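Reader: I am new to reading protein models, and I would like to learn how one goes from a single residue to the whole chain. Could you take me through this one, step by step?

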Amino acid sequence: MAFTSRFLSRSTRQVYAGQSVIRSEYAIPARSFAKGAGGAPPTSLKGDEMLKGIFLEVKKKFEMAIGILRKEKIVIAPEDPAAVSQYANVMKTIREKADLFSESQRIKYTIDTRTQDIPDVRSYLLAVKDIRVKRGLIDELGAETMMMDALNKVEKELKKPLLRNDKKGMGLLKAEFDKVNQKLGIRREDLPKLEEQLELKIAKAQLEELKKDAVEAMETQKKREEFKDEEMPEVKSLDIRNFL
């Protein structure tokens, strides 16, 4: 016998209503979340007024995201490339409509803010590596090692640590980095395609997490006496729009 709507409501609402809408991946600092909202608030605004403005802006973006999710059907099937592509497109629409960062933009923002006061290149590269590791990104190409080798070569030639404000030294390093990119087969014109591939990987990972959470929620409900005779549906048959 198919699950009753009461069962579905209890077991899936907790998974979708909020947890999968604006997930932790989109929980960026308020000043970046509200980008495009008119820039920095006037200094004349008091603290409470500033917080109110930020809250209203975040609330507006959240409601916009919910509105889009209520219209678009998401199939929770991470094993299906078409479902992954559809989910990625929905998330892209939300980002564009709500003026949110893409994953690559968010990484760039994190790097820029955390490294702005680092004077030397070696510490900068180590900081970037730390950010990558903490975000769970894998350096599959071994680019970091090659970049560090390039830095070692330049510093050996300069006979001193390379500072980021050293125009001549940075020029030499850029030339070495261009060689690294060429060796790895990375071209500037390929960056949009690489970003798209990254977003698809993220979309698949999020769908896998959603599927896992949905199965766990339904299995938990099935243990209840009132649902012991119910049959668990396939996760991909669930329609998130019914639980928002």
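**From one residue to the whole chain**

Author: Asp112 is partly exposed, with a relative accessible area of 37%, because that class lies between buried, under 20%, and exposed, over 50%, as found with a 1.4 Å probe on protein chains only. This is a predicted model, in which local features need pLDDT of at least 70 and side-chain atom pairs count only at pLDDT 80 or more, while totals for chains, interfaces and linings use all residues. Residues are numbered from 1 along each chain as its sequence is written, and side-chain values use heavy atoms, with hydrogens and water left out.

Reader: In which helix does Asp112 lie, and with which side chain does its own side chain make a polar contact?

Author: Helices are DSSP runs of H or I with at least four residues, strands are runs of E with at least two, and both are numbered from the N terminus. Asp112 belongs to helix α5, residues 103-115, and its side chain makes a polar contact with the side chain of Lys108 at 2.8 Å. A polar contact is a pair of N or O atoms within 3.5 Å; within protein, one must be able to donate a hydrogen and the other to accept it, and residues adjacent in sequence count only if both atoms are side-chain atoms.

Reader: How should I read a nonpolar core, and which residues touch the most other members of the largest one?

Author: In soluble globular proteins, nonpolar side chains tend to be buried together. A nonpolar core is a set of buried Ala, Val, Leu, Ile, Met, Phe, Trp, Tyr and Cys residues joined through side-chain atoms within 4.5 Å. Here the largest nonpolar core has 21 residues, of which Ile74, Tyr87, Val90, Met91 and Ile94 touch the most other members. Helices α3 (47-71), α4 (81-98) and α9 (191-222) each supply at least two residues of this core, and α4 gives the most, with seven residues. A second, separate core of ten residues includes Val121, Leu125, Met148 and Ala150.

Reader: How many residues does α9 have, and how far does α9 reach?

Author: The expected span of a helix is 1.5 Å times one less than its number of residues. Helix α9 has 32 residues and reaches 46 Å from its first C-alpha to its last, close to the 46 Å expected. Its buried residues include Leu207, Leu210 and Asp213.

Reader: How many helices and strands does the protein chain have?

Author: The protein chain has nine helices and zero strands, and buried residues make up 35% of its 244 residues.
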